[in-house]
Amino acid sequence: MEEKTVVSRNFIEQIIDSDLAEGKYETICTRFPPEPNGYLHIGHAKSILLNYGLAKKYGGKFNLRFDDTNPTKEKTEFVDSIIADVKWLGADFEDRLFFASNYFDQMYEAAVKLIKKGKAFVCDLSAEEIREYRGTLTEPGKESPYRNRSIEENLELFENMKNGMYEDGAKVLRAKIDMASPNINMRDPVIYRVAHMSHHNTGDKWCIYPMYDFAHPIEDAIEGVTHSICTLEFEDHRPLYDWVVREVGYEHPPKQIEFAKLYLTNVVTGKRYIKKLVEEGIVDGWDDPRLVSIAALRRRGFTPESIQMFVDLCGISKSQSSVDYAMLEYCIREDLKMKRPRMMAVLDPVKLVIDNYPEDQIEYLDVELNLENPELGMRKVPFGRELYIEREDFMENPPKKYFRLFPGNEVRLMGAYFVKCVSFEKDEAGKVTEIHCTYDPETKSGSGFTGRKVKGTIHWVAAKTAVRATVRLYENIIDESKGVYNEDGSLNLNPNSLTVLNDCPIEPAFVDAKLIETPPCHAYDSVQFVRQGYFCVDAKDSREDALVFNRIVSLKSSFRLPKAE
């Protein structure tokens with residue numbers, strides 16, 4: 001009997017398979033290394049789930065490590081939000097929470113070691129002069145006039161940098177590699193700079209800070225990371241990554257592997273743009289449901305499972321490409337459609353009165369929670385003489401093929417009875433304020449009535465028992481017809497990205513624990529509003545006495561998965 005060969009899903013797994021087979025590594029260790037200078041977005045979710053998924057598949061370890069080497073932009077708020085996001089996505093780093101700043105002493109020692117080897121020097125050129133000396137893609141750079149300082153002088157100057165004897169920008173420590181290298185990143189890159197800044201983790205201990213390209217490989221090596229998975233913009237930095245771990249002298253150097261970023265069409269992910277939206281009050285925070293930060297997607301009502309599905313569909317490759325936001329919406333619909341209850345809510349209500357129904361009577365109808373998933377069970381829905389229906393479900397003078405309510409027409413009230421419109425009332429402006437109907441008690445849903453058929457079914461909420469809620473409808477914060485950016489670099493904002501509907505009647509089952517085992521009246525819980533879409537209880541503004549629902553996604557989409565070949 002032939003053994004079945006398990007084929008790896010992507011090129012990264014093929015590299016890991018080869019490394020394990022050749023004995024380069026005994027176990028696998030990956031990491032997610034965010035800089036705590038903002039909230040994570042959907043692109044970071046791909047990296048988190050990729051790194052965690054690799055560690056899990058190969059029985060290895062996954063670390064969460066903050067690359068907090070730039071105190072000018074970093075905050076504890078961002079650290080806390082990132083930890084929450086990673087945990088929410090299900091990427092379990094166990095007790096392996098690390099900070100680059102915890103390794104500052106080792107990084108300083110590594111820099112001293114390079115100086116002693118003649119591989120680093122203190123340079124007095126300004127940032128602008130360093131850029132001028134660097135050269136271009138077609139022309140080699142020029143060596144700094146300070147490049148050949150003695151080891152003793154460099155050691156003294158670097159220690160003086162550490163001791164705060166120079167102003168910001170006065171001196172830097174540079175690696176001594178090759179100013180004629182075709183790779184500009186190898187032309188004596190800066191590896192330490194002076195910055196008299198208080199650090200969120202180390203306070204005022206340091207006034208020099210390592211550059212990312214120097215710190216990152218050292219962090220990976222200290223933690224025993226085997227495969228340093230990063231995005232394609234770091235491909236040209238890989239020779240420097242390898243140079244650092246080799247020259248500092250780590251015995252088991254990690255391997256850097258690059259993959260393509262996840263780009264979504266017509267969304268804002270840039271931290272400076274989001275920061276501006278927050279500061280100008282256009283959004284109510286980094287977790288505003290119109291954004292695609294992980295915190296915003298969670299608040300909007302997306303689930304970890306839907307984001308994992310989305311990342312899996314996008315795949316892992318070396319080719320840069322953009323993905324339509326509609327695919328992310330497809331994933332949340334697929335995840336929720338069988339899980340969540342379907343209930344009735346009226347977003348634009350008009351009153352419907354059943355004239356021949358007993359005035360004070362409330363009866364409870366048995367209605368399935370989800371027609372596609374009977375296992376979710378039934379719920380009790382109160383029904384009475386006065387109801388609310390959607391305004392669009394009634395027309396005084398309907399067009400052809402309009403099968404909902406109009407004078408003389410009969411429809412089914414979902415899960416209840418047939419009703420026929422007999423009259424209606426208007427206000428002085430001509431707006432319909434009340435619709436009057438009669439009902440046929442023989443037509444109760446589930447009774448087996450076969451006397452006649454109706455073509456229209458509409459949803460409703462009993463007025464007497466309705467719970468009132470605020471409902472927020474979201475559209476893309478970007479005006480997709482104009483693209484993301486204007487010519488001046490500003491954002492093309494959609495003025496209709498948020499619609500707030502107040503005092504919407506919904507079924508009382510939302511807040512009655514007796515009717516549903518886990519009632520969707522807690523933060524982040526979701527539900528399908530019949531004919532309206534999927535909605536989530538807002539985590540920031542909802543209270544038990546003031547429910548706020550965010551629309552996650554509408555029910556229908558033009559998006560279709562491509563057929564498998």
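1. Strand β12 (residues 342-343) pairs with β24 in the parallel sense, over 2 bridges. Strands here are DSSP runs of E with at least two residues, helices are runs of H or I with at least four residues, and both are numbered from the N terminus. Two strands count as paired if DSSP finds at least two bridges between them. Within this pairing, methionine 343 has phenylalanine 529 of β24 as its bridge partner. This is a predicted model, in which local features need pLDDT of at least 70 and side-chain atom pairs count only at pLDDT 80 or more, whereas totals for chains, interfaces and linings use all residues. Residues are numbered from 1 along each chain as its sequence is written, and side-chain values use heavy atoms, with hydrogens and water left out.

2. β24 also has an antiparallel partner: 4 bridges join β24 to strand β25 (residues 533-537). Phenylalanine 529 stands opposite glycine 533 in β25. The two strands form a hairpin with 3 residues between them, and arginine 531 in the turn has a positive phi of about 70°.

3. Which way do the side chains of β24 (residues 526-529) point? Ser526 and Gln528 point one way, Val527 and Phe529 the other way, and all are buried. Buried means under 20% relative accessible area, exposed means over 50%, and partly exposed lies in between (1.4 Å probe, protein chains only). In a regular strand the side chains alternate between the two faces of the sheet.

4. Next, please look at the open sheet of 7 strands, which has mixed pairing and the order β20-β17-β18-β19-β13-β16-β21. Its edge strands are β20 (457-458) and β21 (461-462), each pairing on one side only. Inside this sheet, strand β18 (residues 418-426) pairs with β19 in the antiparallel sense over 8 bridges, and serine 423 stands opposite histidine 436 in β19.

5. Contact means heavy atoms within 4.5 Å.

6. Now for a helix pair. The axes of helix α11 (residues 304-314) and helix α12 (residues 325-336) come within 8 Å and cross at roughly 130°. The contact involves Glu305, Ser306, Met309, Phe310, Leu313 and Cys314 of α11, and Met327, Leu328, Tyr330, Cys331, Ile332, Glu334 and Asp335 of α12. Axes are lines fitted to C-alpha atoms, for helices over the stretch in contact, and angles run from 0 to 180 degrees between N-to-C directions. α11 and α12 are therefore oblique to each other; angles under 35 degrees count as roughly parallel, over 145 as roughly antiparallel, 65 to 115 as roughly perpendicular and the rest as oblique.

7. There is also an open sheet of 4 strands, antiparallel, in the order β4-β5-β6-β7. β4 (120-123) and β7 (208-210) stand at the edges with a single partner strand each, so one side of each is left without a neighbour in the sheet. The twist averages 20° from one strand to the next. Helix α6 (residues 151-162) packs on the sheet and touches β4, β5, β6 and β7, with its direction at about 60° to that of β4. β5 and β6 run antiparallel and are joined by 3 bridges, with arginine 193 in β6 as the bridge partner of valine 172.

8. Finally, two loop residues. Aspartate 188, in the loop between β5 (172-175) and β6 (190-194), has a positive phi near 45° and counts as buried at 1% relative accessibility. Lysine 401, in the loop between β16 (386-390) and β17 (410-413), has a positive phi of about 65°, but is exposed, with a relative accessible area of 74%.
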